[in-house]
Amino acid sequence: MNAFAAIVARELKLAARGGADTLTLVLFFVMVGAVVPFAIGPDRTTLARLAPGIVWIAAFLAMLLGLDRLFRADEDDGTLLLLREARLPLEMSVAGKLVAHWLLTALPVLAASPLLAVLLAMDTASWGRTALALLLGTPALTAFGVIGAAVTVSLRRGGLLAPVLVLPLCIPVLIFGVAMVAAPGGSGAALLFLSALSLVSVAFCPFAAALALRLGSE
Amino acid sequence: MTIDSAAPKPNWFSRLAHPGNFMGWSRPVLWPLGIATALLFGLGLWFALFNSPADYQMGETVRIMYVHVPNAWLSQFVYGAMFVAALGTLVWRHPLADVAQKAAAPLGATFTALALFSGALWGRPTWGTFWEWDGRMTSTLVLLFIYLGIIALWRAFDDPLRAGRIVAVVTLVGALDIPVIKLSVDWWNTLHQPESILTASGPKMPGSILTPLFVMMAAFTLLFLLLQLVSMRTEILKRRAETLSRQAAARPA
């Protein structure tokens, strides 16, 4: 458990000292959301109706954008090789990276969502539901993203490939996430589906990703 | 006693699946399989075009079904075949499973695209639109995206062995996710007619339509097997040619 915590702590320290990646991601998230009104017009009722979908799309894109940095630097400087040979199972290391990546991408996006809610004319209740849906759904997005990043890490030109592989697999998350926001009365089923999806994919992801990492280096 | 006789005797499947044996037995199979496919297509098309009734609502356009349904069936069947081949790659590290996976991906993508295309042509006169965001159509579209992603991944690797193993992981994850996608999309929106061949109370269509449909499905399935065998043979020959040219380059002049 110590080693697991150390991996999470290492990722967080790297992000805190290494640069403004997280801030860039938040900036990207807010900018995508803020660009939409220019495309569909500033009408407040239209915006309020579309806002949950826009927030979800912005979060979706922000999560995909951050994928490449998950394993890339570790692959380049040899850390991945050490993790593979370490006493801690590679699955646990991947799980640590999953937790750290969620803390570094989903949490900042979640924290920035009130800003987008104001810009897109959402009321408090609908923002609350969107934030809850993001909180429940982003673990699944991160889990699928980790698999995509692990599969493409041994490729030099894999930057665009991971999002292309991950996007279709993430469609259920988007469907249940938006459904949970859209239907206040009937949101129970969507909420349960979304939570189930997150739990199962987070439990399953470390094994698939670690398998891909091992196979990629043979 | 030699080492050879101590080793367990290979069963019929591993003998069939040995790449050298595969090249041996698959060549004489191709012609009969091709002829059987052509005959079934001839019979099926004759049934479909001349010897089956027009629908009382849809009229003659119902005949698109005889192309649409087999393609839709194959779009899922080929993914199943890829899933089995992926297991073969990951569990038994079988070289032929690799080749089967690689050959099946473009075939599956083509059948899926044809199912969408024929569905669009059928939807225009009957529903009045080429495309509708209905549950089944959407999940077929997502399936096409998954096929295309897998093909893109195959093409990104230089080393076919490593590519096969990595793609196998993606194929397995996709296979686990496809039922979830189907469930979520069905839940999201549904317009397409419900399942009408495999229901608990038997088929809901008259025999005059079912017979040509089954003949066409058999014909398309044989076509897939034929194309799969041909492209597997091509892939094996391609790998052999690459090995030979590498050996030739390594030899001192």
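This is a predicted model: local features need pLDDT of at least 70, side-chain atom pairs count only at pLDDT 80 or more; totals for chains, interfaces and linings use all residues.
In which hand does H2(A) cross H3(A)? Keep that in mind for a moment.

Now the answer. H2(A) passes H3(A) in a right-handed crossing. For orientation, helix H2 of chain A covers residues 21–40 and helix H3 of chain A covers residues 44–65. Their axes are 9 Å apart, and the packing angle is about 145 degrees. From H2(A), the residues that make the contact include Phe28(A), Phe29(A), Val32(A) and Val36(A). H3(A) answers with residues including Ile54(A), Val55(A), Ala58(A) and Ala59(A). Sorted by class, this contact of H2(A) with H3(A) has 15 nonpolar residues, 2 polar ones and no charged ones.

Over to chain B. Chain B has 8 helices and 0 strands, which along the sequence reads α-α-α-α-α-α-α-α. Of its 253 residues, 31% are buried. Now take the contacts in chain B between residues at least 6 apart in sequence: 79% of them join residues at least 24 apart.

The helix pair I would point at here is H4, residues 65–92, with H8, residues 207–250, both of chain B. Their axes come within 9 Å and cross at roughly 45 degrees. H4(B) and H8(B) are therefore oblique to each other. The crossing of H4(B) past H8(B) is right-handed. On the H4(B) side, the contact residues include Tyr66(B), Val69(B), Trp73(B) and Leu74(B). On the H8(B) side, they include Leu213(B), Met216(B), Phe220(B) and Phe224(B). By class, the contact of H4(B) with H8(B) comes to 13 nonpolar, 2 polar and no charged residues.

Next, where the chains meet. Chain B puts 21 residues into the contact, and chain A puts in 21 residues. Which elements of chain B give two or more residues to the side that touches chain A? They are helix H6, 135–156, and helix H7, 160–188. H7(B) supplies the largest share of that side, 13 residues. The side of chain B that touches chain A has 15 nonpolar, 3 polar and 3 charged residues.

Gly174(B) is worth a stop, as its place is in that helix H7 of chain B. Is Gly174(B) buried or exposed? Gly174(B) counts as buried, because 23 C-beta neighbours lie inside 10 Å and the cut-off for buried is 20 or more. Leaving out residues up to four places away in sequence, Gly174(B) touches Leu169(A) and Ile146(B), that is, one residue in chain A and one in chain B. Gly174(B) and Phe83(B) are 91 residues apart along the chain, with 9.0 Å between their C-alpha atoms.

Last, the core. The largest nonpolar core has 118 residues. Among the residues with the most contacts inside it are Ala59(A), Val146(A), Ala212(A) and, from chain B, Val169(B). Ala59(A) is also one of the H3(A) residues in the contact we began with. Helix H7 of chain A, residues 124–152, gives the largest share of the core, 13 residues.

Ala212(A) shows contacts on both sides. Setting aside neighbours within four places in sequence, Ala212(A) is in contact with Ile147(A), Ala150(A) and Val151(A) in chain A, and with Ile166(B) and Val169(B) in chain B.

That is the tour.

Key: Residues are numbered from 1 along each chain as its sequence is written. Chains are lettered from A and ligands numbered from 1 in the order in which they are written. Axes are lines fitted to C-alpha atoms, for helices over the stretch in contact, and angles run from 0 to 180 degrees between N-to-C directions. Helices (H or I, at least four residues) and strands (E, at least two) are DSSP runs, numbered from the N terminus. Angles under 35 degrees count as roughly parallel, over 145 as roughly antiparallel, 65 to 115 as roughly perpendicular and the rest as oblique. A crossing is left-handed if the near helix is turned anticlockwise from the far one by less than a right angle, and right-handed if clockwise. Two residues are in contact if their C-beta atoms, placed from the backbone, lie within 7 Å. Ala, Val, Leu, Ile, Met, Phe, Trp, Tyr, Cys and Pro count as nonpolar, Asp, Glu, Lys and Arg as charged, and the others, Gly among them, as polar. A residue is buried if 20 or more other C-beta atoms lie within 10 Å of its own, exposed if 12 or fewer, and partly exposed in between; C-beta atoms are placed from the backbone. A nonpolar core is a set of buried Ala, Val, Leu, Ile, Met, Phe, Trp, Tyr and Cys residues joined through C-beta atoms within 7 Å.
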